[in-house]
Amino acid sequence: MRTHRYTIIAVSLCVVIIVCGMARGEGRVTVIGVKESPFDYSKMSLGADVFGVESILKMTPRTKVELVESIDDSRLIVFHEQISADVFKAIFDDKTITAALTRILKRGGAIFFGATSWQTLKDLPASMREYFLSIRAFLPGPGHYKSASLFRGFANPAYSGHRLVNLPNRLTREGWPDGAHAVRYWAGFPGTVIPLLVDTDNPEKAVLLMQEKVLGKGRIFFSLSYSLTRRGQSAFFQNLVYLLYGKTPPASGASRSSRKEPTPLADAAAKGAVTHIATGKSDEFQLDGKLDDAVWKRANPLQLAQKYPDGGEVKKQTDARLAVVGDQLVLAVRAREPNLAGLKADIRTRDGELWKNDSIDMVFNVGTPQHPDLRQWIVSAAGTIFDAKRNNRDWNSGAKSAVGREAAAWTVELSIPLKDLFDGRETPPAFWVNLARHDQQTGEIALWIPTNHIPNPAKLGLVTPWTAEGFQKAVEKETKRAAAVNRRTGVVIWTVPPGTENLSPGTKPQPDQPAMESLSLRAPGRGHDSAVILITNFDNESNVFRVNHPKTITGPDEKPVPFEEVFTLYQGIPRLNSYQKIAFDPLVPIAPAQLVTIPGGETAMLWLDAKAPVTKGNYQTRLGMISITTLPKSLTREQWNALQGKTPPSETDIRVSLDVSGATLPDPIPVNTYTFGPYSQTGLVKEYADFARRFHITYLLARYPFGAITQGPTMSDNPSDYFDETMKILTTDGGKIIYSYNLLTEFDRFLRRNGFEGKMADPHWKKLFQEWMTHWMKALADNGVTQEQFYIQLQDEPHGEIIPPLVELAKLVKEHFPNAPTMVDIGSRTVREEIEALRPYVDLFIPVESRLTRWDTREEELAYYKKHGPFWTYQCSVRADVQSLTAYYRYRGVRDWLLGSDGVALFAFNSWRGDPWVQWDVISGTGFHDEGIVYPASDGPVPTMRIMEFRQGIEDFALLEMLRGKRNLPTREALRKRLHGTVLDPVLLLQGADPEETRQWRSKLLDVLEE
């Protein structure tokens, strides 16, 4: 049909469109302005035709035909968020396209306009305004666009009976926990426009406007909520699709077919999405950067032609080739470059920030799409190599590189040992990969597979070194394996080590996975260990389990110990993460009912956490996994009597053993840690402080007493304005705090808010600051807070023009309050001269870890901090929820111990904006996410698997220090040399990033400490 349309388009475009409109199936959705639609329309049996910004701005005759056809086959057109006025001009200037828009409205379809900006509304083309005038529809302008703080929109109570806000989801406050998050709202619209979604606390703030009966049957929507368009399964769009197409999403647990074991090789083969790469003998390749080897003549070129992140065309051509040669995977890249003299290649240290140089970036997933296992290599134009395994940059492979220059291009060859790529396993039939070029002259990133994040396991291409016949056999083998899993019935209870990545409700055991009968844990006295229990339900119907355990456990010498004193049972809660994948993360206590519901075809996760008593020995208990769903619905008295004292036939009995080492951790652990807050949002300050101590968090976040600054400005002399009930709780029993983030700029802002008009750090400013800080320091002293209990963060990651006034402030603090401990965190933009200017007035530097592990100047800078110490290090990721449990969280303790630091900090971890359980600030692209290392609850914080692993890492730090003391060695470096090359070598441990190897390393360390 489509070929026929293209054939006759030259004859009469208008006639063709009319005919096509009459023959349409209306099973499509037209999406404009993105490369890929976040909402998965396929789950509602609809196809989505997506037209990116570049394809609209550079519209070819064929693109125009496809767009008009899509509109005529659709009942919904979605203009995505932040579409520029140029795109609207290209659409509404074209009479053929606007005629299609008219037809979709006349037949009862809808046009949805996503969140926009004031500037776009101001610049809307005249053609768009004329079109809306012609169809007698309202078009908002900049005067209707209002700012606000973050709020959530729900169904307007005045229109609660509207089908759009009730079916299949109720978009009310009670029925729609996600809500429509926004920081803008519509105002001043005419009465013919319905404010469909509003802030229920203030209905004057309209998040989404709806116009009905446009051209008789049509609807037009204007949204200012980003969360509506960024969710893979948006409740609003489910309702909209239901309204327009009569289609609803599949009910959870209704059909096993939607949850079958995936067959990614077969799926890719069926779509023709498999790229065959070359193979050859070792003598067919020479690592010299010249790209003239025999193997490259047989390799398929991979074009890096997609522009990051929107998928537009890049300015320079880059083609790559992959091959397996002998025991190596080799890469060849030719990067066109007319200005070779302008290449940036000044980073010459391995594992440096090579993405800041002209470089080639390669990401591998040697796991599966559901359970990624990432490797990454970057090669600069100078041949410098960066490599990382599961985000662990301390891991080094045996990769080698060579670079070359041609007339108008630079070339790279990279050779990677297959044993490093696949951890010594046999080369699989296929693996997932993506390639990128970082071009410093244009600022562009060229991609093979479009993605908005590198590395992103959800956006990789499938390649195979196998022959077509061999690959087909692998597909058949995978299909048989998946069929074996899909044929399984009943429930399988199994386990994996804590720290295993990407566990989700879709995680399945191997076909021959044995039933779990026991769990063995080991920990130092006062230390911790954990175990993961996975319960996979292969049946169609949901199953409910009760996790039964004795009230006491058996301790050494057969003495009973209360179960709750040693063990805590949690259930893993799945959430959508930054990669748009469902994964377990929060851990919610399952007491008191201890019930676990497992939908048909899915997997539930339990987390058994143990805190070891001080007394050495073995502690034993049992967990009874009782399926209350399959117990008989009625029992005779004889049957009941027969069951007394026996294990019911539906119960699985798991033996649990905790071995407590003779090595006992000190209490508290002498490691400075900081990663907590914002507990003040919940009012449960004491609960958060107690929780932090249990997880070895020694410093908690405190806010400066800026509320003591009043109009004038004047400084309050009321002690409670400087030290309130929250501060009393945080500093009780020696509790420690860090005042953060920006003393200088925040003090200045509060002064100006209260009437100050002078210059920052002028004499009047300094006088006010000294008066304010005098009251503050006195309040701390009067409440018994010592200088060992707090730090004052002068400024967050200071650099550039803020340095001179910051030095003045720091000098003022130390002149008048010499005992007030000060702190500054050093980010990537701060230079050495700026650090040196601050050094006389700063008691603690906390540099970002990468400066000490990956920068070219790392050894020199590390020596500087050691000389002027103390120092901590920090890491800060706005995608903290997808960082490796082992490499990023567990190994922080070992890495900082190796660096010689005095503390470990994690920043950007509880950036709650709204409700972190249900809302994300940014669904795609860059920005902050609500991925707190803990989650709020009514009686205190809920932990995550990430904080569990972070806690283990802090204990690793302490255990290494205990070993240093046992060996009577003066420095960590001395112990490190003693451990070099042994099973306890922490450097070798970091290279593996394997959860099971990490457990074995900890156990061997405890053995040595017990000797």
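Let's start with Pro986: skipping its neighbours within four places in sequence, Pro986 is in contact (heavy atoms within 4.5 Å) with Val894, Trp897, Leu898, Leu979 and Trp1001. This is a predicted model, in which local features need pLDDT of at least 70 and side-chain atom pairs count only at pLDDT 80 or more, while totals for chains, interfaces and linings use all residues. Residues are numbered from 1 along each chain as its sequence is written, and side-chain values use heavy atoms, with hydrogens and water left out. Pro986 sits in helix 29; helices (H or I, at least four residues) and strands (E, at least two) are DSSP runs numbered from the N terminus. With a relative accessible area of 0%, Pro986 is buried, where buried means under 20%, exposed means over 50% and partly exposed is in between (1.4 Å probe, protein chains only). Its C-alpha atom is 9.2 Å from that of Leu960, 26 residues apart along the chain.

Leu989 belongs to helix 29 too, which spans residues 986-992. Leu989 is buried as well, at 9% relative accessible area. Again setting aside neighbours within four places in sequence, Leu989 touches Tyr891, Val894, Glu997, Thr998 and Trp1001.

Is Asn742 buried or exposed? It's buried, with a relative accessible area of 18%.

A polar atom of the Asn742 side chain lies 2.6 Å from the backbone nitrogen of Asp796. For reference, a polar contact is a pair of N or O atoms within 3.5 Å; within protein, one must be able to donate a hydrogen and the other to accept it, and residues adjacent in sequence count only if both atoms are side-chain atoms. Asp796 also shows up in the contact list of Asn742, which, leaving out neighbours within four places in sequence, has Tyr704, Phe747, Gln793, Leu794, Gln795 and Asp796.

Strand 17 (residues 374-380) is well covered, with seven of its seven residues buried. That goes for both faces: Leu374, Gln376, Ile378 and Ser380 on one side, and Arg375, Trp377 and Val379 on the other. In a regular strand, side chains alternate between the two faces of the sheet.

Strands pair if DSSP finds at least two bridges between them, and strand 17 does so antiparallel with strand 16 over seven bridges. Asn365 has Leu374 of strand 17 as its bridge partner. Strand 17 is also joined to strand 18 (residues 385-389) by five antiparallel bridges, with Gln376 bridged to Ala388 in strand 18. The hairpin of strands 17 and 18 has four residues between the strands, and Gly383 there takes a positive phi near 90 degrees.

## Strand 15 and its partners

In strand 15 (residues 328-336), eight of nine residues are buried. Strand 14 (residues 318-325) runs antiparallel to strand 15, with eight bridges joining them, and Asp319 stands opposite Arg334 of strand 15. Their hairpin has two residues between the strands, with Gly326 at a positive phi near 60 degrees.

Strand 20 (residues 409-417) is another antiparallel partner of strand 15, this time through nine bridges. Ala332 has Glu413 of strand 20 as its bridge partner.

## Cavities

How many cavities of 30 Å³ or more does the structure hold? There are seven. On a 1 Å grid over the protein atoms alone, a cavity is a set of points where a 1.4 Å probe fits but cannot get out, and lining residues have an atom within 4 Å of a point. Points are joined across faces, edges and corners, and a volume is the space filled by probe spheres set on them. The largest cavity holds about 120 Å³. Its lining has 16 residues, with Phe88, Phe113, Gly114, Thr116 and Leu121 nearest the centre. By class, that's 11 nonpolar, five polar and no charged residues, counting Ala, Val, Leu, Ile, Met, Phe, Trp, Tyr, Cys and Pro as nonpolar, Asp, Glu, Lys and Arg as charged, and the others, Gly among them, as polar.

The second largest cavity comes in at about 70 Å³. Its lining has 14 residues, and Val363, Asn434, Thr451, Ile454 and Pro455 are the closest to its centre. Strand 16 (359-365) and strand 21 (431-438) each supply at least two lining residues. This lining has eight nonpolar, four polar and two charged residues.

Definitions and conventions:
1 Å grid on protein atoms, 1.4 Å probe; cavity = no way out; pocket = protein on both sides within 12 Å on 5 of 7 lines; lining within 4 Å.
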